[in-house]
Amino acid sequence: MIETLSAALASVLTFEVLLTILLSALYGLFVGSIPGLTATMSVALLVPITFFLDPVPAVAAIVTTTATAIFAGDIPGALLRIPGTPASAAYVNEAFALTQKGESEKGLGASLVTAAIGGVIGVLLLTLFANQLAGIAVRFSSMEYFWLGCLGLTSAVAVASASVLRSALSLLIGLMISTVGIDIATGHPRFTFGAIDLLDGVSFIPAMIGMFALSQILRTVTSDLQSKTVVTKIGSLTGYMIATVRRFWPNILRSSLLGNALGALPGAGADIAAWIAYSLSKRFSKTPEKFGTGYEEGIVDAGSANNSAVAGAWVPALVFGIPGDSVTAIGIGVLMLKGITPSPRVFQTDGDLIYAIFFAFIIANLIMLPLGILAIRSARHVLSVPKRILMPLILAFSILGAYAVDNTTFSIWVMLVLGLLAYFMESNDIPIAPAILGIVLGKVIEKNFLITMIKTQGDLLGFFERPIAAGLGIATVALWAYLCLGPLVHWIREKRH
Amino acid sequence: MKLGDLPLGLLAGLFGLAVVLEAMSFPEMGGMAYGPEFFPIIVGAGFCLCGLVLIAGDLRRRLTGKREALVSVEPSLKQGKALLRAAAVLVTVIAFVLLVKPLGFLLTLALLLFFLLRCLAAGWGISLALALGLPFALHFCFTSLLRVPLPRGFVETLLF
């Protein structure tokens, strides 16, 4: 164990990895602090570059970018009342109220220090849980994986902020995309329309770039391009940061735990963790009347929860290959490309690499403190970069990124089609996140279903034969019943009244 | 473009039906009840079900007198300029795919960046500077640092 840890630490403390972390942190802070550009989008654009790096710096780049982008989303939230990423939306009013009172440094200091602490606590919990979970999961077989995949998809629908029906539609779109290509059982090409490039399925990274970057570019260029941003002056930060930790440490601890657990749920992720932590903070606060008027407590809770969730999402990702959110889905894609297949045995087979990722996570959260202060200080300049210049640049990166992954222009078509699809989906209030999980988990579910069917010779009851599988199966079916029957019961009650 | 629940439900239902029909034509796996067609049929059926629920909900609301537009267009899209800007983005992507092989990476990206920047009303100076500078920077990053071969054209042959 000690040997693995020291080997992992040694592989992180190299010039290449540290430089990657530094550059990714700067990139994440920049992209995160521009309204409309999400953490997922910044990671999707980064993937083609990580492609050509070694495994440790590649994953370090992804986790650093996510963590810093999620924090940086707070900057325009506090200063302009426009959250930079959806994860900051929960407390944007609170932070902006502080700015209006001329105390922007209070809100920004609180979100920076809680983001860093929440992130570090999240990684420590990740190390603890992932290892424990792996111990249990070694005994899992195709039945358990099938149910885990189903449970993941179902909770993605259950926790999405949109209506169940629209989230389900999004999920089906994702599953549909996952069926394209050669079938694993018989090798029959499905829905390829004769295109050779589709035999391997829809390439994941161009799909992600399309769904997150291209759709956002289209949305931005069709809306107001002219708006000017005015940023107020910001006072000293470090004093407030220390005071926040002294005063609110129980909140930070509590919300980091909560955020981590929520992050581990597939589909939940940092956005939902922030909303739930904020509302719980208000409920448990001694002074709930101060919420909404520019009071740090809610920012502290939600700010630590969303950064802790980033690490939590990696727990099921590493052990089961089931990502907690879209960013981690991209992360898994990169891991697999590097020849590391997430599994319960990943701690034995690639232990040093996994611990190296954890160390990279911690370093990323620590350098976020000084870099975050820098980002807040330079917010004035970043926020004044006009969109009409930024969008063509992002488009250039998107096109090149999609092309570079497979070295074929076909990937650019994939990006274009899925970008338009995502634009259409968002215009119709259909969320994107369930579709991403559908793309990732569709193959997992189908494969484990077919393997189980071969094992049990077509007996569907085989899915309930093993105790853990039966437990997971019952939980999934109960969740389906709740999702389907809930609205029905509500409707019948309404009729009676 | 936002569809009302009725057209959206119809779209989902018809798509689901098409998926199911296409999946039925897949060859069966010898001696197995579940083959390549099984999963797509479930997904297609799911689309049909979602479509039906959407249509039913819309019809129920219509019966109670609440009417919703079949299709509505976002106000931002009604401005001709906004639509042209979106079209410029799509043209850029498509033109890149078509031009990059004959013209090479550098020239294609420079021309298209300049085109798009001007379409979004960026200044002449900055447009020219970015269109001349960025392709070279990206070319250096991808071919020299990341070792991804980019399509070569006469500019590349001339310079490198």
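Asn407(A) sits in the loop between α19 (387-406) and α20 of chain A. The model is predicted. Phi of Asn407(A) is near 60 degrees, a positive value in a residue other than glycine. Asn407(A) is exposed, because it has 12 other C-beta atoms within 10 Å and the exposed class takes 12 or fewer.

Asp429(A) lies in the loop between α20 and α21 (433-456) of chain A. Its phi is near 60 degrees, and Asp429(A) is not a glycine. Asp429(A) counts as partly exposed, because it has 14 C-beta neighbours inside 10 Å.

**Helix packing in chain A**

How is the packing of two helices described? By the angle between their axes and the distance between the axes. Helix α10 (residues 204-222) of chain A packs against helix α20 (residues 410-427) of chain A at about 55 degrees, and the axes are 7 Å apart. That angle makes α10(A) oblique to α20(A). The crossing of the two helices is right-handed. On the α10(A) side, the contact residues include Pro206(A), Ile209(A), Met211(A), Leu214(A), Leu218(A) and Arg219(A). On the α20(A) side, they include Ser411(A), Val414(A), Leu418(A), Ala422(A), Tyr423(A) and Glu426(A). The contact residues divide into twelve nonpolar, four polar and two charged.

**Chain B against chain A**

How many residues of chain B are in contact with chain A? 50 residues of chain B touch 43 residues of chain A. Several elements of chain B supply at least two residues each: β1 (2-3), α1 (5-24), α2 (38-63), α3 (75-78), α4 (80-103), α5 (105-119) and α6 (124-145). The largest share, nine residues, comes from α4(B). This side of chain B divides into 41 nonpolar, four polar and five charged residues.

**Annotated spans in chain B**

An unreviewed UniProt entry places the feature "transmembrane region" at residues 39-57, 86-115 and 121-142 of chain B. Two of these spans are tabulated here.

Technical notes: Residues are numbered from 1 along each chain as its sequence is written. Chains are lettered from A and ligands numbered from 1 in the order in which they are written. This is a predicted model: local features need pLDDT of at least 70, side-chain atom pairs count only at pLDDT 80 or more; totals for chains, interfaces and linings use all residues. Axes are lines fitted to C-alpha atoms, for helices over the stretch in contact, and angles run from 0 to 180 degrees between N-to-C directions. Helices (H or I, at least four residues) and strands (E, at least two) are DSSP runs, numbered from the N terminus. Angles under 35 degrees count as roughly parallel, over 145 as roughly antiparallel, 65 to 115 as roughly perpendicular and the rest as oblique. A crossing is left-handed if the near helix is turned anticlockwise from the far one by less than a right angle, and right-handed if clockwise. Two residues are in contact if their C-beta atoms, placed from the backbone, lie within 7 Å. Ala, Val, Leu, Ile, Met, Phe, Trp, Tyr, Cys and Pro count as nonpolar, Asp, Glu, Lys and Arg as charged, and the others, Gly among them, as polar. UniProt positions are given in the numbering used here, feature names are shortened, and annotations may be inferred rather than shown by experiment. A residue is buried if 20 or more other C-beta atoms lie within 10 Å of its own, exposed if 12 or fewer, and partly exposed in between; C-beta atoms are placed from the backbone.
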